[in-house]
Amino acid sequence: MNDPGVSNHTPMMQQYLRLKSQHPEMLLFYRMGDFYELFFDDAEKAARLLDLTLTTRGASAGAPIRMAGVPHHALEQYLARLVKLGEPAVICEQIGDPAASKGPVERQVTRIVTPGTLTDAALLDDKRDSLVAAFAQTDKKLGLAWMSLAAGRFCILETGREALATEMERLRPAEVLMAEGAPGAAIDASKCALRTLPPTQFDVGMATATLCRHFGTASLDGFGCDGMEAAISAAGALLGYVRTTQLNALAHVQAIEVQHDQAFVRMDAATRRNLEITETIRGEPAPTLFALLDTCATSMGSRWLLGALQQPLRDDALVCERLDAISALLGEGGAGCYPSVRKALERLADIERITARIALKSARPRDLAGLRDALLRLPGIAALVEQLDAALLQSITRDLYAEPGLAGLLVAAIRPEPAAVVREGGVIADRYDAELDELRAIQSNCGDFLLELERRERARTGIANLKVEFNRVHGFYIEVTRANAERVPDDYRRRQTLKNAERYITPELKTFEDKALSAQDRALARERVLYEALLDALCAHLGAFKRIAAALARLDALACLAERAAALDYVRPQLCEQPLIEIDAGRHPVVERQVRGYVANDTRFGPERRLLLITGPNMGGKSTHMRQVALVTLLARVGSFVPAKRARIGPVDQIFTRIGAADDLAGGRSTFMVEMTESASILRNATATSLVLMDEVGRGTSTFDGLALAWAIARHLIETNRSHCLFATHYFELTRLAADYETVANVHLDAVEHKDRIVFLYALREGPASQSYGLQVAQLAGVPGGVIRSARRYLVKLENEGASARPQLDLFQASAEAEPVDRTPHALLERLRATDADTLSPRAALDLIYELKRLAE
């Protein structure tokens, strides 16, 4: 910042510069009256980012002051724009009384807003958590910590170093912290705000001390993170950073949740994108699996459902708990109580985020009103499910219990429809505080008091036209005409003399005036004191509020999945211990809602059927079928009903996909390089209980290179990985693998030609396809007819050349010690070459056919 010295500036600018020096990297919004102002370099940056008018006003230290500002009532919308840009901001408020200040009004930083530490409802996405994450690395391990400040959830995980990109794709943090100099190439800085901290912040000893001090424990063993040094390092740095931004103790962050890779079905970044779980390939929120399933009544339920879809479970017992709960909510024949549960949850406040704002002392009056109304509805919600025979629902019912006094406290303290902010007044309920009631009575009963005083003073003085009135200049007064001035009592004190009247004040009226004129300010101040005391009282129950919020979120999501199962004709999957996937009449959950007449298909995997080679035309449904199998499997492991007539799903540890063609220009990788990188990851990590989708591997290079790679990759998956694999290809030579390996089967998507046009049947059949129909699909896409005809002629030429000179099937027989090929001309070919077709009579032609048949045999 261009600053010749703080002491040379005006007192107000000295105050600003002192505050700014504490946050040099952040935009400082400095409250001045009805505006938040930014100065110097901050003003230029904000003007550029927020499209503000940059002005120059006055001077300080002999230089003009560059400044830009936003109205105080519009601050949140500007902060929202900064958050989307990944920019942090510091909010500095006036805390002193301008009337009592001789110098600059006292100001202090009241909050720091960063993309990952949002708690204000206006800045948050209702259906997604805003996360701040940190990572630390050792030689072999990646330690990851993340926090949803708005939910008070704090998690850690240790995994392999290579999993950083996978975890970033799963979590989608808004802000990532890393040590200065640490490698962070796997993090896409365009998708999150990347911050570097001094390496000392990641010291494991310092981190352990920070965490123990926060949780009030002697060690971290009770949280199950003993020995997780990398994760503890990240967690300590993360907690310290968040505490700095909130200027608060984070009372609602009460535990660390330790997660383990082995508990969830792992999906790498490519798989999450290809399956379009939460966003489409183009980055849009719909149509996706989450958009289809999310009909939750509350935002808490939506966030829980999103988390469940991102982390399918491997533990059959936990999955069955969810399935049992959905079955109970559906009841016999779909006549269960889920509609009543969903109705009871409608318009329920977001208790999870309200709890965070209570802990951070930023909860607004309507937050508390929403909390009060939610607590009052809990007994009715619990009554709907307490009789259902499902362990998870019974647990939820117990967690919905709240002490009766909590709702009673909020009913007594908060008005039914409170003002939006405390400073406006009208928040604390009547009869909650005697002093506040008296101050309000003075304001509301002022007219009655003046009329009563006027009546009494007329009776006491005998002056019939005596008036008791008020104006803003002189306050309250008793007005007597000059003709009656001699009759005023001795306790009247002259306040103002007019041409035809005198105005007086009495001790009683003066006392009332003092009360009345200060009653509003005193009432507002009293409301602030009472409101802060109420927040302090509620902080003692943060644990109960978090428990209730978690129970409501689970109940809402389970009721949502029950509703989706009934509305979309889903069935309960059967879980088994055998390594198999059996799906009868499976459907792609998203695609079937986008098209008419969706064709359901069966899928069979088992110990003797591990790799399905899928052939068929482009646009014939191969990729859709592959994704369909993956999504049905994913939903089953989430604990949801699935789109099929029947489904049996065995253990699944990972889901991999190699689908689609896209380059990575930013990373300097071609389409083929991306394809091979993803294939390499699959070959190195897939196990016998993994589900693998491979779509047209090898198409990004020359025909023979691609075919060779596809063949070798398929063999590796068959012989080494032994995964359940759907392998789609246009290399028909690969279909011979089914003859070489008992665990390989050929299947194809049906299509037929009709009048030079292709008709897709989308039905999966056993055996290989007869052809690719590439030219027909090109014609369907609108390729000019001349191009299609030319392609047909060239295709015939290529096929003839390939049959006679370059048989591709030899690829599978080639080896270092290949047997010599017999190149003796076949008698049938020699006979054909010797035939003059133009001179043959019909009889001779028929004889020739019989002769050729004998030679062929």
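Predicted model: local features only at pLDDT ≥ 70, side-chain atom pairs only at ≥ 80, totals over all residues.

Student: Why is valine 759 called partly exposed?

Tutor: Its relative accessible area is 36%. Buried means under 20% and exposed means over 50%. The value of 36% lies in between, so valine 759 is partly exposed.

Student: Where is valine 759 in the fold?

Tutor: Valine 759 belongs to strand β27, residues 757-766.

Student: What makes the nonpolar surface patch of about 200 Å²?

Tutor: Val752, Val759 and Leu761 make it. A patch residue needs over 30% relative accessible area. Valine 759 has 36%, so it passes that cut-off.

Student: How do you know that β14 and β15 pair?

Tutor: Two strands pair if there are at least two bridges between them. β14 and β15 (residues 475-481) have five bridges, in the antiparallel sense. Therefore they count as paired. One of the bridges joins glutamate 469 to tyrosine 477 in β15.

Student: What is the order of the four strands in the open sheet?

Tutor: The order is β14-β15-β17-β16, with antiparallel pairing.

Student: Why do β14 and β16 stand at the edges?

Tutor: β14 (467-471) and β16 (493-497) each have a single partner strand, so one side of each is left without a neighbour in the sheet. On average, neighbouring strands here are turned by 40° against each other, direction ignored.

Student: Which strands does helix α17 lie across?

Tutor: Helix α17 (residues 446-461) lies across β14 and β15, at about 145° to β14. Helix α18 (residues 507-539) also packs on the sheet, touching β14, β15, β16 and β17.

Methods. Residues numbered from 1 in each chain as written. Heavy atoms only, no water. Patch = residues over 30% accessible without salt bridge, like charges linked within 9 Å, V, L, I, M, F, W, Y side chains within 5 Å. Areas by Shrake-Rupley, 256 points an atom, 1.4 Å probe, with all protein chains shown as cover. Salt bridge = Lys/Arg side-chain N within 4 Å of Asp/Glu carboxyl O. Helix = DSSP H or I, 4+ residues; strand = E, 2+ residues; numbered from the N terminus. Buried < 20%, exposed > 50% of the residue type's maximum accessible area, 1.4 Å probe, protein only. Axes fitted to C-alpha atoms, helices over the stretch in contact; angles between N-to-C directions. Contact = heavy atoms within 4.5 Å.
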